[in-house]
Amino acid sequence: MLSMTDTGFVSVAAVIDLIEELNTLDLGQYEKDLQWLLKKISTLDLSNRVPISDYFYFWEVMSNQHLVPEIGLLLGQKITPSSKGVLANWVSQKSTLREALDTFVNNISLMNTAENWEINNDGDICTLTITFNPNNEYPIMAI
């Protein structure tokens, strides 16, 4: 497993699709550690959170074992109703895109404490900027 100190958390909902994809792989040397983590997470509710080091470990395994280098992009395009967490529910209940973005940006720590989102609205152009907690080495595949 990663040898980093936990400096944050991610929601269980944020890792559901990643876990499902990991279950399709030959996990090789990671099998024992990963099965332990998968068992631990499977007992949790979507509103629970897991240490970010576990999340990063899942991405480490994915980057070492998956044959498709752009798997992070493919998983990001996937919408799985069964993994819709608290933040996704709030966002989906908003009546405008602006309200949804504001809710997302203001509550991102419910999903991932390593991410920080900012909205800049300059007239007709809206820019979303993401930054990552400098205490974490955020996996490039996850971005």
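Helix α1, spanning residues 12-22, is largely enclosed by the rest of the structure, because nine of its 11 residues are buried. The model described here is predicted. The buried positions of α1 are Val12, Ala13, Val15, Ile16, Asp17, Leu18, Ile19, Glu21 and Leu22. Packing against these buried residues involves both strands and helices: β1 (9-11) and β2 (49-51) on the one hand, and α2 (31-42), α3 (52-65) and α4 (71-76) on the other.

Helix α2 comprises 12 residues and extends 16 Å from its first C-alpha to its last, close to the 16 Å expected at 1.5 Å a residue. Within α2, the residues Leu34, Leu37, Leu38 and Ile41 are buried. These four residues lie on the same side of α2, because they cover an arc of only 100° around the axis. Lys32, Trp36 and Lys39, by contrast, are exposed on the other side of the helix. The buried residues of α2 pack against α1, β2 and α3.

A nonpolar patch on the surface is formed by Val86, Trp90 and Leu110, which together have about 240 Å² of accessible area. Of these residues, Val86 is found in helix α5, which covers residues 86-92. Val86 is classed as partly exposed because its relative accessible area is 37%, a value that falls between the 20% limit for buried residues and the 50% limit for exposed ones.

Terms used: Residues numbered from 1 in each chain as written. Predicted model: local features only at pLDDT ≥ 70, side-chain atom pairs only at ≥ 80, totals over all residues. Heavy atoms only, no water. Buried < 20%, exposed > 50% of the residue type's maximum accessible area, 1.4 Å probe, protein only. Helix = DSSP H or I, 4+ residues; strand = E, 2+ residues; numbered from the N terminus. Contact = heavy atoms within 4.5 Å. Patch = residues over 30% accessible without salt bridge, like charges linked within 9 Å, V, L, I, M, F, W, Y side chains within 5 Å. Areas by Shrake-Rupley, 256 points an atom, 1.4 Å probe, with all protein chains shown as cover. Salt bridge = Lys/Arg side-chain N within 4 Å of Asp/Glu carboxyl O. Expected span 1.5 Å × (residues − 1). Arc of directions from axis to C-beta.
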